[in-house]
Amino acid sequence: MKHLKKSLLSILMLCSSIVIAQQTPAPEQTKDVAIIGATAHIGNGQVINNSIIVIRNGKIDVIGDAEKSAIDMKAIETIDANGKHVYPGFIVPNSTLGLVEIDAVKASDDDAEIGLLNPHIRSLIAYNAESKVIESMRPNGVLLGQITPRGGRISGTSSVVQFDAWNWEDAAIKTDEGLHLNWPGSFSRGRTWLGEAPGLKPNKEYSKQVNQLKDFFNESKAYNNGHKTKTHLPFEAVKGIFDGSKKLYIHVNDEKGIIDAIHFARAHAVKNMVIVGGAEAYKVAGLLKANNIPVVLKRVHSTPSHIDDDYDLPFKTAKLLVDNGVLVTLETSGQMERMNTRNLPFYAGTTAAHGLTKEQALQLITLNAAKILGIDNQYGSLEKGKSATLFISEGDALDMRTNKLTHAFIDGRNISLETHQTKLWKRYSDKYKNQ
């Protein structure tokens, strides 16, 4: 019994360490703020040198050339940003931030539900706004994200949040905006533990798995168009895909899978579809453009999928798609995806080093992301009337050497850039300063 009590005490202490709160979310804006002298990167390809941005009631009230603006600066708090840069807050799609804190601690892992077809599962209600991992995204300019479930054939619905909140209700910007479907793989890997040969081989279950999805969508459509005698939660959750109120995010990488997924969406009259992953999307860029299908492109800092691919294919895929008129944004999923989210701006920087202009690369993680997530009426660019969700950097925010934030605002609230990492840095800087 004594050992049991000690074990329970250890578990409670561990859990308490997981839920220790971040710093208190910033209060609502009460005084007008003017950012003067910075180079403003609008997010739509435009740049304003020596800009002035006035934030009022959480919105951008004025943005323009500082030399041409006649504004009464009385009662306005000013920030001298001469020589610095202002950017819209970066947006990360297809993220599990806030759903997992420590991979090895099961109690802090809530990114997937048991079962195969779970369109009714809502990721938002599992979102932990006080995650220390989320806190560490903000100093690199990542201020918004699409919180997305994992697992199964249909994982559930995602929601868009801002990264400075008390709870998921406060964090939510757009709730249950999309349904996530993991397309069956055209190939499968040999299960060596069952005596199968290693390596890739055609997926013999592919047709069966696709037909299972077809049946589910047909049944959902019949349910939503017919007389309902009782509520069926999974079918209810799919209704938005047919009436256009939700987007269908299909996670698929290979060329055949992308083509089949597009035909599947057409056959079921899906109004809004997005490809997530899209490693081989460049091969069918014309088809994507013709059907107005955006791509949430897999992590840029990846190795090529095939031995005969160009070594730098993951770095230049964004340009190949953009040049063909496809709307593209970037995601960070994969190994250590939550920690790697802070590298989102540097993924964009890599696309700039491989063909895109700096402003095109910036647009991938600002206005393009906002358009795909359906929040571009308020976020994604620095424009009058939009949310003042932005940050000031000492240098180029897409370059890890100069991405050094001095200020960040979410809906006009001047948020803290302190994190567990910055506290440790200051602590040990002081330790060695006197030695």
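The paragraphs below go from the domains to their interface, and from there to strand pairing and salt bridges.

This is a predicted model, in which local features need pLDDT of at least 70 and side-chain atom pairs count only at pLDDT 80 or more, whereas totals for chains, interfaces and linings use all residues. Residues are numbered from 1 along each chain as its sequence is written, and side-chain values use heavy atoms, with hydrogens and water left out.

The protein chain is divided into domain 1, made of 20-88 + 405-417, and domain 2, covering 90-379; these bounds come from an automatic or database domain assignment. Taken over C-alpha atoms, the centres of domain 1 and domain 2 are separated by 31 Å. Their contact, meaning heavy atoms within 4.5 Å, takes 24 residues from domain 1 and 23 residues from domain 2. The area buried between domain 1 and domain 2 is about 2,000 Å², with carbon and sulfur atoms giving 54% of it; buried area here is the accessible area (1.4 Å probe) that two parts lose on being put together, summed over both.

Across the interface of domain 1 and domain 2 the rule finds 1 salt bridge, the term standing for a side-chain nitrogen of Lys or Arg within 4 Å of a carboxyl oxygen of Asp or Glu. The side chains of Arg413 and Asp164 meet in a salt bridge at 2.6 Å, N to O. On the side of domain 1 that touches domain 2, β7 (85-88) and β19 (405-410) each supply at least two residues, and β19 gives the most, with 3 residues. Strands such as these are DSSP runs (E, at least two residues), while helices are runs of H or I with at least four residues, both numbered from the N terminus.

How is β19 paired with β18 and β20? Strand β18 (residues 390-393) is joined to β19 by 4 bridges and the two run antiparallel, with Ala408 in β19 as the bridge partner of Phe391; two strands pair if DSSP finds at least two bridges between them. β19 also pairs with strand β20 (residues 413-414) in the antiparallel sense, over 2 bridges, and Ile410 stands opposite Arg413 in β20. β19 and β20 form a hairpin with 2 residues between them, and Asp411 in the turn has a positive phi of about 50°.

The structure holds 19 salt bridges. One of them links Asp61 with Lys384, the closest N and O atoms being 3.8 Å apart. Asp61 lies in strand β5 (residues 59-65) and Lys384 in the loop between α12 (367-373) and β18, so the pair ties together parts that are 323 residues apart in sequence.
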